Amino acid sequence: MNQADLESKRGVIIFLHGLMSSDTGTFDHLVARIKSDNALPDVHLVAWPHDTLARINVNAQELAELIEKRLGSSGLPLLFVCHSRGGLVARATVVKLVNGNRRWAERLRGAVTFGTPHLGAELAERGDEFLGKLLLLKTIQQTGKSVPLVDALLAVRKQKAIEGVSDLRPTSNRGEFLYGLREDEAKQAGGAGRRVLPMFVVGGRAEPVGTAGWLSRRFFGGEPNDLVVALSSTSPASMRPSSQTATDHFSYFTSQEMKKSHIPALDYIIAAFKPHSRTQRQEPRVAVKATRARRTSPGPGAEAAAVVPASGARPRRPEATHSSRN
């Protein structure tokens, strides 16, 4: 990305990939959907490949410096689209951007996260095992064939301390990174549970079938999940607006997902760049009440979407947040 790319543009979307992945191939169908809708012809789309085994704060510092250098003088608004761990990189990057320059708080149009472990991933308790299981599940989902778990573990056996994975630990299990991130966000936004960055979170409910389903049942018991992260972490009650979809961790951006008749996350992205529009910041207490009412209706594997208008206007009561089923 250079200055010529930004001429006549009214915004920038940065795509951030997940653990042991890359931007190439991950977001292709979503990018194609955005371009085919022709709703954002003057918004520049760019991806940032990075080392996902490094600490998240290392990734965030590097990205924040890059954004300041390439976009700082442009004045253009910015939005992140993230898969898995990339959502935490975006949150940490925003903390560093705003700490360095408060004006970024007004230029942030939000972040849309897919399968991000916002409350941590229980499988990250031991980094080598998590990577091994991730490799195994990814192989099963993409090829239909499984490999012995011991082979997957051997593939990462030389990684004694995997800091980029350790950062995914829940706060209840020595999750120092997530605890510090929440503290930093609260300080910037002026209250516990608040953050400067508006967010739309997407979580997956995978059907527990086949070998991958057997593994997920062992990992999560009966808790809804996308095979890698629990739904309660990818779509926590404290984060709204949100959407849930019947897919697994590796299939959020497949052509099938992108063909669904109603994609609230895409609506959110488009609304974020409307003139004089800014994605809405949510009051956690209000969102929790509405969420509890919604979560009693969809069953396992069902797809539910809770959409809050991104126009900047605050709903008069929780019922203004509605549910839809595909």
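Guide: A residue counts as buried when its relative accessible area is under 20%. The model shown here is a predicted one, and by that cut-off 54% of the 326 residues in the protein chain are buried.

Visitor: What makes up the secondary structure of the protein chain?

Guide: The secondary structure comes to 14 helices and eight strands. As for the contacts between residues at least 6 apart in sequence, 79% of them join residues that are at least 24 apart.

Visitor: Why is T26 called buried?

Guide: The relative accessibility of T26 is 14%, and the cut-off for a buried residue is under 20%, so T26 counts as buried. T26 is found in the loop between β1 and α2, where, leaving aside neighbours within four places in sequence, T26 is in contact with S21, H83 and F253.

Visitor: What makes the pairing of T26 with S21 a polar contact?

Guide: The side chains of T26 and S21 are joined at 3.2 Å, and a polar contact needs a pair of N or O atoms within 3.5 Å, so the distance of 3.2 Å meets the cut-off.

Visitor: Why is L227 called buried?

Guide: L227 has a relative accessibility of 3%, and because a buried residue is one under 20%, L227 counts as buried. This residue sits in the loop between α10 and α11, and its phi, near 85°, is a positive value in a residue other than glycine.

Visitor: What kind of peptide bond joins R240 and P241?

Guide: R240 and P241 are joined by a cis peptide bond, with omega about 10°, and P241 lies in the loop between α11 and β6.

Visitor: What makes α3 and α4 oblique to each other?

Guide: Helix α3, residues 56-71, packs against α4 at an angle of about 55°, with the axes 8 Å apart. Roughly parallel means under 35 degrees and roughly perpendicular means 65 to 115, and α3 and α4 are therefore oblique to each other. The crossing in which α3 passes α4 is right-handed. Among the residues that meet are I56, N57 and N59 in α3 and L88, V89 and A92 in α4. This contact has nine nonpolar, four polar and two charged residues.

Visitor: Why is helix α13 said to be largely enclosed by the rest of the structure?

Guide: Helix α13, residues 264-272, has seven of its nine residues buried, so it is largely enclosed. The buried ones are P264, A265, L266, Y268, I269, A271 and A272.

Visitor: How do you know that G203 is buried?

Guide: The relative accessible area of G203 is 0%, and with the limit at under 20% G203 is therefore buried. G203 has its place in strand β5, and its C-alpha atom is separated by 8.1 Å from that of S233, which is 30 residues apart along the chain. Not counting residues up to four places away in sequence, G203 touches L231, T234, S235, S243, Q244, T245 and Y252.

Visitor: Why does V43 count as buried?

Guide: V43 has a relative accessibility of 5%, and since buried means under 20%, V43 counts as buried. V43 lies in strand β2, and residues up to four places away in sequence apart, V43 touches K9, R10, G11, V12, I13 and F273. The C-alpha atoms of V43 and I270 are separated by 9.9 Å, while the two residues are 227 residues apart along the chain.

Note on methods
Residues numbered from 1 in each chain as written. Predicted model: local features only at pLDDT ≥ 70, side-chain atom pairs only at ≥ 80, totals over all residues. Heavy atoms only, no water. Helix = DSSP H or I, 4+ residues; strand = E, 2+ residues; numbered from the N terminus. Buried < 20%, exposed > 50% of the residue type's maximum accessible area, 1.4 Å probe, protein only. Polar contact = N/O pair within 3.5 Å; in protein donor to acceptor, adjacent residues only side chain to side chain. Contact = heavy atoms within 4.5 Å. Axes fitted to C-alpha atoms, helices over the stretch in contact; angles between N-to-C directions. Parallel < 35°, antiparallel > 145°, perpendicular 65-115°, else oblique. Left-handed = near helix turned anticlockwise from the far one by under 90°. Nonpolar A, V, L, I, M, F, W, Y, C, P; charged D, E, K, R; others polar.
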